Amino acid sequence: RAVAAMSVSHSSRLNKLVREQYMRLPQDGRVQVTYVWIDGSGEGVRCKSRTLDKEPKSIEDVPEWNFDGSSTAQAEGSNSDMFLVPVCMFRDPFCLDPNKLVLCEVLKYNRKPAETNLRHTCKKVMDLVKDSHPWFGMEQEYTLLGINGHPYGWPDNGFPGPQGPYYCGVGADKVYGRDIVESHYKACLYAGVKICGTNAEVMPSQWEFQVGPCEGIEMGDHLWMARFILHRVCEDFGVVATLDPKPMTGNWNGAGCHTNYSTEEMRREGGLKHIEAAIEKLSKRHDYHICVYDPRGGRDNSRRLTGHHETSNIFEFSAGVANRGASIRIPRQVGQDGYGYFEDRRPAANCDPYAVTEAIMRTTVLNETGVETKDYAEH
């Protein structure tokens with residue numbers, strides 16, 4: 001028992017029954033609003049809370065706020081105030097109704113978007129392509145780690161048995177941490193996040209949840225909030241969720257964020273030809289997409305996209321029906337029906353969904369080519 005306890009955080013061992021007593025106290029009509037934003041790493045989320053005198057009914061009821069950007073790698077200490085601009089509101093599954101979680105965009109002192117605020121241009125692009133009604137569904141893989149950085153539930157000195165029994169597995173010797181997964185699922189449903197499923201993944205301690213279908217900018221908003229909720233649930237249990245695309249070197253699966261995508265014409269009878277046309281456009285812009293599909297310009301993905309462990313090779317573009325070793329997979333059912341959607345299997349687990357969905361729209365709907373992107377601000 002002592003060994004098992006070593007891998008969870010001290011805070012998680014505080015008496016949660018004592019906390020419950022305080023959580024039940026009435027709030028006298030006042031509301032806790034937790035502002036959530038993406039920090040200077042482009043991967044981490046931060047949050048802080050404030051009291052509002054009444055429950056906000058819409059995002060317009062939530063005031064702008066600010067924070068110290070020098071402490072989040074987003075500003076210099078001499079000019080450190082950053083603006084938090086509320087963009088999407090959810091119910092708070094931790095403090096419960098009427099309290100709220102609010103996702104925010106970050107603006108610099110001059111009201112220009114912060115470097116890791118990739119929502120700003122994504123929103124512009126989504127507004128431009130709104131008539132094509134782009135739907136997305138993203139499959140977020142993640143790995144549970146003990147507080148010691150070792151995969152949760154793995155033997156302290158060594159490895160679990162080889163991959164095979166763990167994917168969608170059941171049983172104490174096959175899955176680790178299901179409590180976290182189920183708590184996260186419930187919390188997302190309560191919050192109003194469009195979570196649509198979950199499963200245990202190929203590597204033990206690796207899991208996946210799916211968010212969607214979401215239209216346009218909503219995809220990034222909902223996935224980022226689902227990630228925040230995941231980290232927050234893991235905190236309660238005293239473990240860590242990592243989105244590293246290759247958390248364990250060697251013969252273990254990496255972690256991706258497969259992105260399913262369709263436009264209205266792809267979803268209609270005969271849509272397969274539109275799917276094939278989109279894939280053709282993507283094939284000519286592989287390098288650009290690889291560059292935006294992880295936060296380090298492709299360096300993170302180069303550890304994952306090796307051509308092994310159900311991945312394509314990072315240097316080659318490929319597409320196929322039901323092929324999990326391709327860059328783009330057309331589901332078998334879509335091939336049979338002649339319409340539907342396709343799956344881009346290249347985005348890394350730690351990708352920014354705003355960057356991924358924006359890139360797909362730029363290439364497949366706005367018909368951009370090459371590695372440069374157009375600035376549509378003037379139009």
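**Exercise 1.** In which hand of crossing does α3 pass α11?

Before we start: this is a predicted model, where local features need pLDDT of at least 70, side-chain atom pairs count only at pLDDT 80 or more, and totals for chains, interfaces and linings use all residues. Numbering runs from 1 along each chain as its sequence is written, and side-chain values use heavy atoms, with hydrogens and water left out.

*Solution.*
- Find the helices (DSSP runs of H or I, at least four residues, numbered from the N terminus): α3 is residues 119-128 and α11 is residues 353-364.
- Their axes (lines fitted to C-alpha atoms over the stretch in contact, with angles from 0 to 180 degrees between N-to-C directions) come within 9 Å and cross at roughly 35°.
- The crossing is left-handed, meaning the near helix is turned anticlockwise from the far one by less than a right angle.
- Touching here (heavy atoms within 4.5 Å) are R119, T121, C122, V125 and M126 of α3 with Y354, T357, E358, M361 and R362 of α11.

**Exercise 2.** Work out how α5 and α11 are oriented to each other.

*Solution.*
- Helix α5 covers residues 218-237, and its axis comes within 8 Å of that of α11, crossing at roughly 155°.
- The two are therefore roughly antiparallel, the term for angles over 145 degrees.
- This time the crossing is right-handed, that is, clockwise.
- M219, G220, D221, L223, W224 and R227 of α5 meet P353, Y354 and T357 of α11.

**Exercise 3.** Check the confidence of the chain.

*Solution.*
- Mean pLDDT (the predictor's confidence in each residue, from 0 to 100) is 95, and 98% of residues reach 70 or more.
- Watch residues 1-5, though: pLDDT there is below 50.

Definitions and conventions: Parallel < 35°, antiparallel > 145°, perpendicular 65-115°, else oblique.
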